[in-house]
Amino acid sequence: MSLTNLLTVALLTTAFSAQAADPTAPMAAPDLVFDEVDGIVAVEAEHFYRQTLTEQRAWHITSSKSAPDMNPDADPPHVAGASGGAYLEILPDTRATHGDQLIAGENFSDKPGVMAVLHYKVNINTPGRYYVWVRSFSTGSEDNGVHLGLNGRWPESGQRWQTVQKQKWAWDCKQRTADVHTGVPMQLFLDIEKAGEHEILFSMREDGFEMDKFVLASNQEYTPEGTGPAVKAKAGQIPAPFPEVAKAAPLVLPRQPDGQGAVEISGELKEWHKVTLTLDGPYAHELDNAPNPFTDGKGMNVVSCLPYNAGGDGDNVWPFVARDDKCHWDCSKLDQWGMVFDHATAQGLYLHFKLQENEIDDDRRGDKSEPGRVPSRSTAASSATSASCIAGKSSRASVTRWR
Ligand SMILES: [Ca+2]
Ligand SMILES: [Ca+2]
Ligand SMILES: [Ca+2]
Ligand SMILES: [Ca+2]
C-alpha cells in the first residue's frame, strides 16, 4: 500500500469516527455541488455540507452504522428502507403529540430559517420553477412539517412543507395552509431565476421530523418513486453510502379469512387436586434381620429408586413439582415412573423404593440437614420412609417403616 493510500485510509477513518461521535457533523465537504440533469436535482438529506442555528435543535444522522443517543426521541430508528442507508432527524423531540406543550423557538417554529438550518449546494442548468419533493418518515402528528429556503431567503412558496403519510418512508410535495392543514399538493416550490450554483436550505418547523432525501423537479407532472432518482454531482465527492437495510419482509397472506375477534379456550384446565397417600407397613431398620429393605433384594435383579434426595444425585427424579413443594405432584413425572414400573414388571425385576431419605420426616432439609420443615405432611407419605415390592405375577409388596 502506498503512502498516499495509507493517508487516505487514515483520513477516511478519522472522518467516519467524527461522524459516529457527532451525528450532527456534516459528512459532505463544502465543495460538493449537486447537479440538475433533465430538470431533476436529487440529494440525500444526510449529504448537507453545513448546519447552522443548532442551539435548541439539530439534525442528527441515523445510519445503518450508528444512531444518535439523544433523548427524548419519540420514535425508534427508521433506517430500514432509507436511501443510502441513512437519514436525518431533528432532535431532541419533546413534542410528540398534540397534547405535549408547544414551545415556539424550542420544539416548534412556524417562522422559517431560525432553527436547525441545513445547507446544500446545487447547480441549476435550466432556470425556472422547481417543485420540492421530500422523502420523510412521520410517526405522529407533530413531526411532519419543515421549511424550504433558497440562497438565504425563505419565500412563502417554500414554507410549511407538510405530509400526512404515516409510518413509512414516503414522498410528498404539499404546502400546509390555514385552510388545508393536510397540505395543498404541488404548492411547495422554489423559483430559481438564474443558472449556476445555488444554496438550498431546510429549517425546522417541528422537532422529530425525519428526512431521507429530497428532489427538485421542474416538471409538475413528475412524482418520485421508491428511493427516488439517482444523485448526480457537478463538483466534489458524494460520500460513500452506508449499507442499505432492507425493509421488513412483507406480511404472509393469511391462510384463513379474518375471524370475528372472539376468544375461545378449549381443553382441560390445569387444576390441583388434593390427594392423600398413606403407606402403612411394619417397622424396619437398616440393621433389621427381616424385613430389611436394604438387604432383602440382595442377589436379585433390582431397580432401586431413591426419588427424594434433596441436593444429591436424585435431585430431579422426585414426583413433586419442586424440591420444597411436596404438596403438589407432577403428573408427567408420575407417568415417567409408570414407564419404569411397567418395564420392570414385564421383566420380573425387584423394585425397591426408598420413598424418602430424611428430609421429610425429621424437620431437616437439604443435603446439609439444616433445620426447616419441608411441606410434606399434608399429602405426602407421613408414616412410611421406605417401601419395596416384588414386581411380577406373584408379586408381593412390602412396605416398611424405617425408624
Ligand atoms: Ca426518532
Ligand atoms: Ca415533534
Ligand atoms: Ca421522528
Ligand atoms: Ca438518505
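**View 1. Ile90 and the residues it touches.** Leaving out residues up to four places away in sequence, Ile90 touches Arg57, Trp59, Ala116, Met204, Asp207, Gly208 and Phe209; touching, or being in contact, means that the two C-beta atoms, placed from the backbone, lie within 7 Å. This is a predicted model, so local features need pLDDT of at least 70 and side-chain atom pairs count only at pLDDT 80 or more, while totals for chains, interfaces and linings use all residues. Residues are numbered from 1 along each chain as its sequence is written, chains are lettered from A and ligands numbered from 1 in the order in which they are written. Ile90 sits in strand E5 (residues 86-91); strands (E, at least two residues) and helices (H or I, at least four) are DSSP runs, numbered from the N terminus. Is Ile90 buried or exposed? Ile90 counts as buried because 27 other C-beta atoms lie within 10 Å; the cut-offs are 20 or more for buried, 12 or fewer for exposed, and partly exposed in between, again with C-beta atoms placed from the backbone. Arg57 is 33 residues from Ile90 in sequence, yet their C-alpha atoms are 6.4 Å apart.

**View 2. Strand E4, covered on both faces.** In E4 (residues 58-63), six of six residues are buried. One side carries Ala58, His60 and Thr62, the other Trp59, Ile61 and Ser63, and all are buried. E4 pairs with E5 in the antiparallel sense over six bridges; pairing takes at least two bridges found by DSSP. To find your way along this pair, look for Thr62, which stands opposite Tyr87 in E5.

**View 3. Strand E6 and its partners.** E6 (residues 117-124) is mostly covered, with six of its eight residues buried. Which way does E6 run against strand E1 (residues 33-35)? These two pair in the parallel sense, over two bridges, and Asp35 stands opposite Asn123 in E6. With strand E3 (residues 50-52), E6 pairs in the antiparallel sense over three bridges; here Arg50 has His119 of E6 as its bridge partner. Strand E14 (residues 196-204) also runs antiparallel to E6, joined by seven bridges, and Tyr120 is found opposite Ile200 in E14.

**View 4. Val132 in the largest nonpolar core.** This core holds 54 residues, and Val132 and Trp133 have the most contacts inside it. Its largest share, six residues, comes from strand E7 (residues 128-137). A nonpolar core here is a set of buried Ala, Val, Leu, Ile, Met, Phe, Trp, Tyr and Cys residues joined through C-beta atoms within 7 Å. Once neighbours within four places in sequence are set aside, Val132 is in contact with Leu148, Gly158, Trp161, Cys173, Leu188, Phe189, Leu190, Phe214 and Leu216. In soluble globular proteins, nonpolar side chains tend to be buried together.

View 5. The mean pLDDT of the protein is 80, and 72% of its residues reach 70 or more; pLDDT is the predictor's confidence in each residue, from 0 to 100. Over residues 1-19 the pLDDT stays under 50, and the model gives this stretch five contacts beyond four places in sequence. Residues 375-403 are also below 50, but the model shows 89 contacts for them beyond near neighbours in sequence. Where pLDDT is low, the predicted coordinates should not be read in detail.
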